[in-house]
Amino acid sequence: MGKVVLVTGVARPLGARFAGRIAGQPGVDRVVGVDAAPPPSDLPPGVRYAQVDPRRPAVARVIAEHGVDTVVHLNVTALGHGGRAAVKESNVIGSMQLLGACQQAPGVRRLVVKSTTAVYGSAPRDPAVFGERTQPKALPPGGFARDAAEVEGYVRGFARRRPDVDVTVLRFANILGPDGDTPLAAYFRLPVLPTAFGHDPRLQFVHEDDALEVLRLAALGAAPGTYNVAGDGVLLLSQCARRLGRPTVPLLRPALGLVGRLARQLSAPADRAFSQEQLQLLTHGRVVDTAQLRDRFGYAPRWTTAEAFADFVAHTSAGPLPPERLTAVTDRVAARLAGMPGDHHPTPHQETRPR
Amino acid sequence: MTAAREPADPAAKVIPIESAPSWNGPDPRPGLADRIADSLGTALAGQFGAAATRVLGKGWEERATNGLGFLRRRLTGDYEVDDFGFDRELTEEVFLALLRPLAEKYFRIDVRGTEHIPAEGGVLIVANHSGTIPLDALMTQVAVHDHADRHLRMLAADLVFVLPVVNELARKAGHTLACNEDAQTLLERGEVVGVWPEGFKGIGKPFADRYKLQRFGRGGFVASALRAGVPIVPCSIVGAEETYPMIGNFKTLARLLGLPYVPITPTFPWLGPLGAIPLPTKWTIQFGEPIPTDSYPKDAAEDPMLVFNLTDQVRETIQHTLYKLLVQRRSVFG
């Protein structure tokens, strides 16, 4: 008898894609997707959908009915329906209900929780690279990061009470993909990027394909534990802006906070771009160490941070200052110089054009 | 490039833009930027070329081409930084190039003992701190790069990473926060790590206490070196103490601004911005013999007595070298 996998948060693209991917795996008998609202498009074949309000204990019935043994909790999210209070309730209360239901279900053997590297916070007095065991100096002040930190606390409690369940917590760096439905993607789609003056944060991305693959391995039996998941390497915000071809507007930090507060009054997607923790990230940046993911979990991300970002750029409308146009100017001057008499030097290195 | 060497009339030397390998612009109509680029390139290739050679010296074309390549990578974000935000190219081409005249011409630094810095692998350089603003650290970075061909990764005070602009520059120059995690990660990656364990106590001490080493923190740097099993190279810097002789301290103002001190020197604040010019003292940077740490047992870093003893050994070495160098010194401005 194969596995029965419960996936929460299937109404969002990542959840739906993951459910579809796991449904096709050998050894998986059934995939049950739950969410508060029906998914906008049909779920992939092989995925059953059950509408469950995460804040109610109804999920216990779904677990019992289908004999679920693997729970993949993707419903801790920065975005959601309703205001911040509703999102927080769905994140925290929803996770508590789910963990409570799992604790009562003797059949559950494996729990995978999608978390975020935002639980480390971003502060100038933190180490430059966070390992899984780094204790954050303080709990994140609020928002999604705080939710994730609280959910991780409940998950640790659950792991103590049910030592027979393999618990894996995956702390993802900012996930980017072709359609990138995240607050950071919303920020990068702004025509000009407001930045914090005097700060050039280091950012790390993980490609959606890698995120799905890590979730799949975690659900199907990789070594349990807590892992940072991020692509190799680092991009500075200024590099990101230039690769996107979008100009930056450096603002003093208080002014940037004000812009954020104004933007949150607007409608989507502008309101998503400036959440509290995102402003922290865009000021101080965050980099995590992924040695555990490689060594213990046994997965090396296929996309580096720069490649994941390039894929996002390729699927995003070009900004007002596309890199091609800028390089065309420098290349033209260089070409003229190279054509001078008495010039014994080869043309300047002609590297491949940025993707 | 045979066509380029033909001494023909200037118009014939222009390479058609379409043949430049990376030109496949989507816009066939030349924009303003293109026209500027065209005229600039043509002007330099044409009548102004000879003038430029006279003014800028031979080989300016190559420098300009390199500069353009640099500009191109900067404009498109096509360069790499490491996990700590260290931007190697920017550091080599800009930061070190700006600091080098200060090191070579202004302070005329005599760098000694660079053979003690290994050509590869992790090493911890421990130095004395002085001079009100951390010029000594920046000069050591230049010395390590120019004489040992390594990049010095400094551990800096948290104040550096709180200040806007300063934190950005510090990260890009390869520095990071002085904490055990970062120090150990850098050492294990085989970097040259620099630490000034006296911290603000050393850099902000009154002029009367010059060349008297202050307390060496809690010995955290020794523990990091022990864990990573890398040698410790003591480094003694003479000359930095006299750049800004600190004869007083605006304690109240410092507390108001949240700074460790606000110095009073013979020229600051009396001469205003002119007071910020350091005195042109003659410097010596002496790297001492490495103190190996790989012979200690694995958990040596957890042994406080051993850590304190090693810390003292490093401190004594630096202090004695300072005295020796001071005796040899003929004049502060020598």
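Predicted model: local features only at pLDDT ≥ 70, side-chain atom pairs only at ≥ 80, totals over all residues.
Two strands count as paired if DSSP finds at least two bridges between them.

**The overall picture**

Chain B contains 13 helices and 9 strands. Of its 334 residues, 37% count as buried. If we look at contacts between residues at least 6 apart in sequence, 74% of those in chain B join residues at least 24 apart.

**The sheet**

Seven strands of chain B form an open sheet in the order β1-β9-β6-β2-β5-β3-β4, and the pairing is mixed. At its edges lie β1 (110-112) and β4 of chain B, each of which pairs on one side only. Strands of a sheet pair through backbone hydrogen bonds, either parallel or antiparallel.

| Strands | Direction | Bridges | Example partners |
|---|---|---|---|
| β3(B) and β4(B), residues 176-177 | parallel | 2 bridges | B:A156 and B:L177 |
| β6(B), residues 232-238, and β9(B), residues 284-287 | antiparallel | 4 bridges | B:S236 and B:Q286 |

**A closer look at β3**

How many residues of strand β3 (residues 152-156) of chain B are buried? The count is 5 of 5, so β3(B) is mostly covered. In a regular strand the side chains alternate between the two faces of the sheet. In β3(B), B:L152, B:M154 and B:A156 lie on one side, while B:R153 and B:L155 lie on the other, and both faces are covered.

**Two helices side by side**

Now for the helices. Two packed helices are described by the angle between their axes and the distance between the axes. Helix α9 (residues 180-188) and helix α11 (residues 220-228), both of chain B, pack at an angle of about 35° with their axes 9 Å apart. Their crossing is right-handed.

Which residues of α9(B) meet α11(B)? They are B:N180, B:A183, B:Q184, B:L187 and B:E188. On the α11(B) side, the residues they meet include B:F221, B:S224 and B:R227. By class, this contact has 6 nonpolar, 4 polar and 2 charged residues. An α-helix has 3.6 residues a turn, so residues three or four places apart point the same way.

**A bent helix**

Where does helix α5 (residues 88-106) of chain B bend? The bend is at B:L96 and amounts to about 40°. After α5(B) comes B:R108, with a positive phi near 45°.

Methods: Residues numbered from 1 in each chain as written. Chains lettered and ligands numbered in written order. Axes fitted to C-alpha atoms, helices over the stretch in contact; angles between N-to-C directions. Left-handed = near helix turned anticlockwise from the far one by under 90°. Contact = placed C-beta atoms within 7 Å. Nonpolar A, V, L, I, M, F, W, Y, C, P; charged D, E, K, R; others polar. Bend = angle between axes of the 7 residues up to and from the residue. Buried ≥ 20, exposed ≤ 12 C-beta atoms within 10 Å, placed from the backbone.
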